[in-house]
Amino acid sequence: MSDYRSASVQDARVAPSAPGSRMARRAAGSPPPPPDDRPPRGHRGDGGGGGQGKMRVLAWVSIAATTVMVAGALTGYTVYRDAFGNITQKSVKEDIINPRPRDTGALNVLLVGSDTRAGKGNAKYGQQLARTADAGGKRTDTIIVMHISPNRDKARLISFPRDSMVQIPKCKNETTKAEMPPRRDMINSAYNSGGIACTISTIETLTQIRINHFVEVDFSGFKNIVDALGGIEICLKSGVNDRASHLVLPPGKSLLNGEKALGYVRLRHYGDGSDIQRIKRQQIFLSKVIAKATSSELLTDIGKLTGFIKAAAGSVTMDPELANDTQQLIDIATSAKELTAGGVQLTTIPWLPDPQDPNRVIWKEPDASALWASIISDTELPDPTPSASASASTKPKVTPKPEQVKVQVLNGTTTPGKARLVADELAKQGFNVVGVGNYQAADGASLPSSEIHYAKGAATGADYAAVLSGAVLPKPAPSAGKVAATNPQPYTSGTTGTAAGAGGKGAPVIQLVVGSDFKSVKVTKLPDSVNNSTITAADQKNVCT
């Protein structure tokens with residue numbers, strides 16, 4: 001099993017082959033400045049897995065730490081709300097110097113595990129860096145974006161492999177505030193030199209996903225959270241006696257305090273020794289932290305709850321907008337809690353070996369772009385009032401699937417080729433595109449807004465049109481009565497979507513007239529490489545069961 005797999009928390013279904021061992025990658029040379037002065041990845045002198053194993057878990061624990069912030073909002077006790085004042089706040093907005101993507105209504109939180117040696121209790125857990133004046137510096141091997149849908153009913157955690165070679169945009173140096181020019185480098189070097197602000201800019205520039213907030217957590221914070229919970233119970237099929245991590249545990253159930261939890265989550269020499277098994281243990285551990293942090297047992301014990309909120313609040317750093325917004329914290333906590341109920345997807349970016357350096361990776365395209373598009377197009381918000389179609393009298397006659405919906409795409413703009421591009425996007429999402437063409441408005445100008453039409457005599461036309469409407473951004477309101485197409489042509493495509501003429505037997509043809517306001521087709525059908533690197537809470541089963 002390649003050691004590269006341990007660079008990402010969620011990489012539980014990717015094929016076992018990977019570009020090189022840790023030691024081989026370190027021997028390949030350092031990336032452009034700032035220099036990477038970490039120890040070799042094969043280093044075991046700090047407890048069997050080193051800082052890297054611990055830092056992966058820090059990002060997971062930052063989710064749990066954020067989750068428990070809701071307790072103060074769920075009670076009327078002033079002491080709980082006062083504990084929010086213990087959250088370290090850091091504003092970075094002024095240091096983000098690149099254009100930012102639009103806000104879609106979703107909540108995207110950057111989670112970072114920092115190995116800073118600054119702060120009480122962190123030095124003994126940090127990497128074995130040279131003890132110089134810069135020993136208080138920080139590194140991160142963990143970058144995760146937690147995407148929570150606009151409806152706050154589902155979440156996806158996306159892990160960015162630290163060895164990803166990407167184009168880092170211009171950023172301010174976190175210490176000197178001097179502007180650094182763009183460069184091609186490993187993605188984690190953005191944090192090393194430019195801190196959170198540069199990491200946010202890098203992710204936003206590469207993905208066009210708006211990062212709304214960030215959460216950092218360090219080593220001592222991890223211990224404090226576990227200890228404040230009274231420990232976390234785990235269950236092992238066989239005992240552990242691992243000298244490297246200084247951990248001895250019997251078979252069956254064990255209650256781990258913070259110190260033992262650090263050893264457990266970075267345990268390498270156990271079971272089949274694979275990173276897959278270790279990653280699953282970490283996911284199970286986080287699920288247990290969240291479950292205990294939001295349990296009625298904790299929430300109804302004033303003493304324990306007070307101590308835990310204070311410990312959690314003192315263990316994280318957040319942007320002021322998040323730290324001071326109770327509702328946002330509740331939204332994050334509610335979605336994070338779903339880890340225990342299967343509502344959160346855990347995804348690693350699809351990757352390939354870097355052609356310029358097989359010891360590094362690049363993101364697999366177009367698969368990675370499809371993943372970003374699925375997040376950007378996740379903009380569905382609940383209607384404030386029930387629509388007429390929701391009433392019993394207008395109950396849908398049929399509930400078609402995308403592959404049953406026949407679509408003719410017409411270009412209502414003055415931009416050539418627009419119909420073909422949109423048709424390809426719809427085909428990729430499984431729609432049965434049967435034709436393309438143009439639509440010319442009376443004044444010859446571009447149609448301002450996209451439209452969806454179905455034949456007046458089609459008894460189920462509204463039902464098929466509603467499915468198409470829900471897949472287009474912004475969402476057009478379907479109307480009865482088709483429009484005249486100019487230069488209509490059959491649609492043929494080399495995509496993996498449904499071929500023209502397949503499916504939808506007897507279904508009406510629905511027209512999509514693309515207007516100037518068209519943004520995208522919602523991406524819900526992801527490539528196999530994304531699906532294969534995604535796991536859900538349903539996959540996280542206790543090893544004893």
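How many of the five residues of strand β9 (residues 213-217) are buried? The legends below describe close-up views of a predicted model, and the opening view answers this question.

**Figure 1. Strand β9 is a mostly covered strand.** Five of the five residues of β9 are buried. The side chains are divided between two directions: His213, Val215 and Val217 point one way from the strand, while Phe214 and Glu216 point the other way. Residues on both sides of β9 are buried, Glu216 and His213 among them.

**Figure 2. Strand β9 pairs with β2 in the parallel sense and with β14 in the antiparallel sense.** Five bridges connect β9 to strand β2, which covers residues 107-113. Within this pairing, Val217 of β9 has Gly113 opposite it. Strand β14, made up of residues 316-318, is joined to β9 over three bridges. Here Met318 in β14 is the bridge partner of Val215. Val215 is also one of the buried residues described for β9.

**Figure 3. A disulfide joins Cys171 and Cys198.** In general, a disulfide is a covalent bond between the sulfur atoms of two cysteines. A search of the whole structure finds one such link. The sulfur atoms of Cys171 and Cys198 are 2.3 Å apart. The link is right-handed, with 80° about the S-S bond. Because Cys171 belongs to strand β6 (residues 171-172) and Cys198 to helix α4 (residues 189-207), the pair ties together parts that are 27 residues apart in sequence. Are the two cysteines buried or exposed? Cys171 has a relative accessible area of 3% and Cys198 one of 2%; since buried means under 20%, each of them is buried.

**Figure 4. Phe160 and Trp363 form an edge-to-face aromatic pair.** The whole structure contains three aromatic pairs, according to a search. In general, a pair of aromatic rings is described by the distance of the centres and the angle of the planes. The ring centres of Phe160 and Trp363 are 5.8 Å apart and the planes stand at 65°, so this pair is edge-to-face. The pair links distant parts of the chain, 203 residues apart: Phe160 is in the loop between β4 (155-159) and β5 (165-168), and Trp363 is in strand β17 (residues 357-363). Phe160 counts as buried at 2% relative accessibility, and Trp363 counts as buried at 11%.

**Figure 5. Phe160 and Trp372 form a stacked aromatic pair.** What makes this pair stacked? The ring centres lie 5.9 Å apart and the planes are at 5°, so the pair is stacked. Phe160 lies in the loop between β4 and β5, whereas Trp372 lies in helix α12 (residues 367-376); the pair therefore ties together parts that are 212 residues apart in sequence. Both Phe160 and Trp372 are buried. Ring pairs link Phe160, Trp363 and Trp372 into a cluster.

**Figure 6. The largest nonpolar core of the model has 33 residues.** Which residues have the most contacts inside this core? They are Leu110, Phe160, Ile196, Ile200, Trp363 and Trp372. The elements that give two or more residues to the core are β2, β3 (142-148), β5, α4 and α12. Helix α4 provides the largest share, seven residues. Trp372 touches Ile158, Phe160, Leu206, Thr207, Ile209, Ile349 and Trp363, when residues up to four places away in sequence are not counted. Another core lies apart from the largest one and has 25 residues, including Val405, Ala427, Ala507 and Ile510.

**Figure 7. Strand β20 pairs with β24 and with β22.** Strand β20 comprises residues 451-454 and runs antiparallel to strand β24 (residues 509-514), the two being joined by three bridges. Glu451 has Val513 in β24 as its bridge partner. With strand β22 (residues 478-480), β20 pairs in the parallel sense, again over three bridges. In that pairing, Pro478 of β22 stands opposite Ile452.

**Figure 8. Asp95 is a buried residue in a loop.** The loop that holds Asp95 runs between β1 (88-89) and β2. Asp95 has a relative accessible area of 14%; because buried means under 20%, Asp95 falls in that class. Which residues are in contact with Asp95, leaving aside its neighbours within four places in sequence? They are Lys172, Lys177 and Ala197.

Terms used: Residues are numbered from 1 along each chain as its sequence is written. This is a predicted model: local features need pLDDT of at least 70, side-chain atom pairs count only at pLDDT 80 or more; totals for chains, interfaces and linings use all residues. Side-chain values use heavy atoms; hydrogens and water are left out. A disulfide is a pair of cysteine sulfur atoms within 2.5 Å. Helices (H or I, at least four residues) and strands (E, at least two) are DSSP runs, numbered from the N terminus. Buried means under 20% relative accessible area, exposed over 50%, partly exposed in between (1.4 Å probe, protein chains only). Rings of Phe, Tyr and Trp (its six-membered ring) pair if their centres lie within 6.5 Å; planes under 30 degrees apart count as stacked, over 60 as edge-to-face and the rest as tilted. Two strands pair if DSSP finds at least two bridges between them. A nonpolar core is a set of buried Ala, Val, Leu, Ile, Met, Phe, Trp, Tyr and Cys residues joined through side-chain atoms within 4.5 Å. Contact means heavy atoms within 4.5 Å.
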